[in-house]
Amino acid sequence: MVRSNNTITIGNSDRSRLGSKIGMEKQHLRHVEKDVLIPKIMREKARERCSEQVQDFTKCCKDSGVLMVVKCRKENSALKDCLTSYYKDPAFYEECKMEYLKEREEFRRTGIPTKKRLQKLPTSM
């Protein structure tokens, strides 16, 4: 890298190092991303995939009232087993991680969070 009169010229060796650094940055995950944000995506997707068990447990709880702790053990156990199977699956973690990295890359490129990007724009102003 050569600096002259406020301009920077990057040599070929510097470009390759810069490219690899950008690639590493893309794959590097902060503590909060690994332990909070990716597991949040995992929980949301697992709840979608275990929707039948979620519905069964919810229905049982509504029907049982205060006695739900005793009466809904079977439904609760089935829901826990379904969710746990997804939480422990390394392939599912990688799928959610790639989804998170894609969202993060899009945010860094546009500066617009996913929630706001997905909202519909008004048709008339």
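Visitor: In which helix does Glu33 lie?

Guide: Glu33 is part of helix H2, which covers residues 31-49. Helices (DSSP runs of H or I, at least four residues) and strands (E, at least two) are numbered from the N terminus. The model is predicted: local features need pLDDT of at least 70 and side-chain atom pairs count only at pLDDT 80 or more, whereas totals for chains, interfaces and linings use all residues. Residues are numbered from 1 along each chain as its sequence is written, and side-chain values use heavy atoms, with hydrogens and water left out.

Visitor: How many helices and strands does the protein have?

Guide: The protein has seven helices and two strands. Read from the N terminus on, its elements run β-β-α-α-α-α-α-α-α.

Visitor: Is Glu33 buried or exposed?

Guide: A residue counts as buried under 20% relative accessible area, as exposed over 50%, and as partly exposed in between (1.4 Å probe, protein chains only). Glu33 is buried, with a relative accessible area of 0%. In the protein as a whole, 19% of the 125 residues count as buried.

Visitor: Which residues does Glu33 touch, not counting those up to four places away in sequence?

Guide: A contact requires heavy atoms within 4.5 Å. With that exclusion, Glu33 touches His28, Ile38, Pro39, Tyr100 and Arg104. The C-alpha atoms of Glu33 and Lys97 are separated by 9.0 Å, although these residues are 64 residues apart along the chain.

Visitor: Where does a polar atom of the side chain of Glu33 lie 2.6 Å from a backbone nitrogen?

Guide: A polar contact is a pair of N or O atoms within 3.5 Å; within protein, one must be able to donate a hydrogen and the other to accept it, and residues adjacent in sequence count only if both atoms are side-chain atoms. The backbone nitrogen in question belongs to Arg30. Arg104, one of the residues that Glu33 touches, is found in helix H6 (residues 90-110). Arg104 is buried, with a relative accessible area of 9%, and a polar atom of its side chain lies 3.2 Å from the backbone oxygen of His28.

Visitor: Which residues of H5 are buried?

Guide: As a general idea, an α-helix has 3.6 residues a turn, so residues three or four places apart point the same way. In H5, the buried residues are Leu79, Cys82 and Leu83. They cover an arc of only 90° around the axis (taken from the directions from the helix axis to the C-beta atoms), which puts them on the same side of H5. Arg73, Lys74, Lys80 and Asp81 are exposed on the other side of H5. The buried residues of H5 pack against H2 and helix H3 (51-64).

Visitor: How many Å should the 15 residues of helix H5 span?

Guide: The expected span of a helix is 1.5 Å times one less than its number of residues. For H5 (residues 73-87) the expectation is 21 Å, and its end C-alpha atoms are 21 Å apart, which agrees. H3, with 14 residues, reaches 20 Å from its first C-alpha to its last, close to the 20 Å expected.

Visitor: Which residues of H3 are buried?

Guide: Val54, Cys60, Cys61 and Ser64 are buried in H3. They cover an arc of only 135° around the axis, which puts them on the same side of H3. The face turned away from that side carries the exposed residues Glu52, Gln55, Lys59, Lys62 and Asp63. The buried residues of H3 pack against H2, helix H4 (68-71) and H5. Just after H3, Gly65 takes a positive phi of about 65°.

Visitor: How many disulfides does the count come to?

Guide: A disulfide is a pair of cysteine sulfur atoms within 2.5 Å, and by this rule there are two disulfides. Cys50 and Cys82 form a disulfide, with sulfur atoms 1.9 Å apart. The pair links distant parts of the chain, 32 residues apart: Cys50 in the loop between H2 and H3, and Cys82 in helix H5. Cys60 and Cys72 also form a disulfide, with sulfur atoms 2.0 Å apart. Cys60 lies in helix H3 and Cys72 in the loop between H4 and H5, so the pair ties together parts that are twelve residues apart in sequence.

Visitor: What is the torsion about the S-S bond of Cys50 and Cys82?

Guide: That torsion is about -90°, so the disulfide of Cys50 and Cys82 is left-handed. For Cys60 and Cys72 the torsion is about -100°, so that disulfide is left-handed.
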